[in-house]
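Me: I would like to go through this model with you. Please have a look at it first.
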Amino acid sequence: MARHYIRNDNTFAGTGVDGGLPPGAVAEVPAAPSDGRQVWDATKEVWVLPLDLIKVQRVDEVGALYDAALIAGMAYQGTVLQIRPQDQANLTTMGNEARWAKALGAAWPTQFAWRMADDTFLALPTADDMIALGEAAKAEVYRLRLVSWGHKDAITALETAEAVLAYDISSGWQNGI
C-alpha cells in the first residue's frame, strides 16, 4: 500500500510502498501534492503553494495584463494607435525627427501620415502633430507602467496567500478603446 510523506519543512518527501519510508520522511499525509512546489499546510490539511510562489504567479499575471494593454493600443483621434514595444521605438524615432525639423526650421512633409491599428492613415501634416502623437503614446505607456507597478507593489506587500489570490489586478488598465 502506498503512503505519502513530508519532510520537516513540510515539502513532499515522497511515497513509500509496503512500509518503506522515503529519505527524510517525518510524517505521513493523506495524499501526494498535485504540484511538486506545494507544501503541506497542516492546519488546513491540504497542499498549498508557498506564499512567495503565489506572489510570483500573480505578478506574472500583472505582466501579462500590461503586455495585453500594450498590444490593444490606445485611442487617438477616433482610432487606435499601436503602442507595442516595436511601435514605441518607431514613435520615438519619428517624434525625434519632428523635434529636429521644428528646432532647425526644416520642412516637415505635409503629406506625412501614421499607419494606425486598423490600417487607416492618420494625417500628421506638421511636426507638432507628430510630436503630439508621440507624446500621447509616451503618456499612455507610462500610465500603464504605473498601473503595473502599483499592482506589483500591492501584491508584494500582501502577507497571506488568501490576500494575494483575492487581490483584484483588473483595475486601471482601461484606456477608452
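Me: Is tryptophan 149 buried, partly exposed or exposed?
Reply: Tryptophan 149 counts as partly exposed, because its relative accessibility is 42% and that class lies between buried (under 20% relative accessible area) and exposed (over 50%), with a 1.4 Å probe and protein chains only. The model is predicted, so local features need pLDDT of at least 70 and side-chain atom pairs pLDDT 80 or more, while totals for chains, interfaces and linings use all residues. Residues are numbered from 1 along each chain as its sequence is written, and side-chain values use heavy atoms, without hydrogens and water.

Me: Which helix holds tryptophan 149?
Reply: Tryptophan 149 lies in helix H3, residues 127–157; helices are DSSP runs of H or I with at least four residues, strands are E runs of at least two, and both are numbered from the N terminus.

Me: Changing topic, how many aromatic pairs are there?
Reply: The whole structure has five aromatic pairs, where rings of Phe, Tyr and Trp (its six-membered ring) pair if their centres lie within 6.5 Å; planes under 30 degrees apart are stacked, over 60 edge-to-face and the rest tilted. One of them is the tilted pair of phenylalanine 112 and tryptophan 114, at 6.4 Å centre to centre and 50° between the planes.

Me: Are phenylalanine 112 and tryptophan 114 buried or exposed?
Reply: Phenylalanine 112 is buried at 17% relative accessibility, and tryptophan 114 is buried at 13%.

Me: Which residues do ring pairs link into a cluster?
Reply: Phe12, Trp40 and Trp47 are linked in that way.
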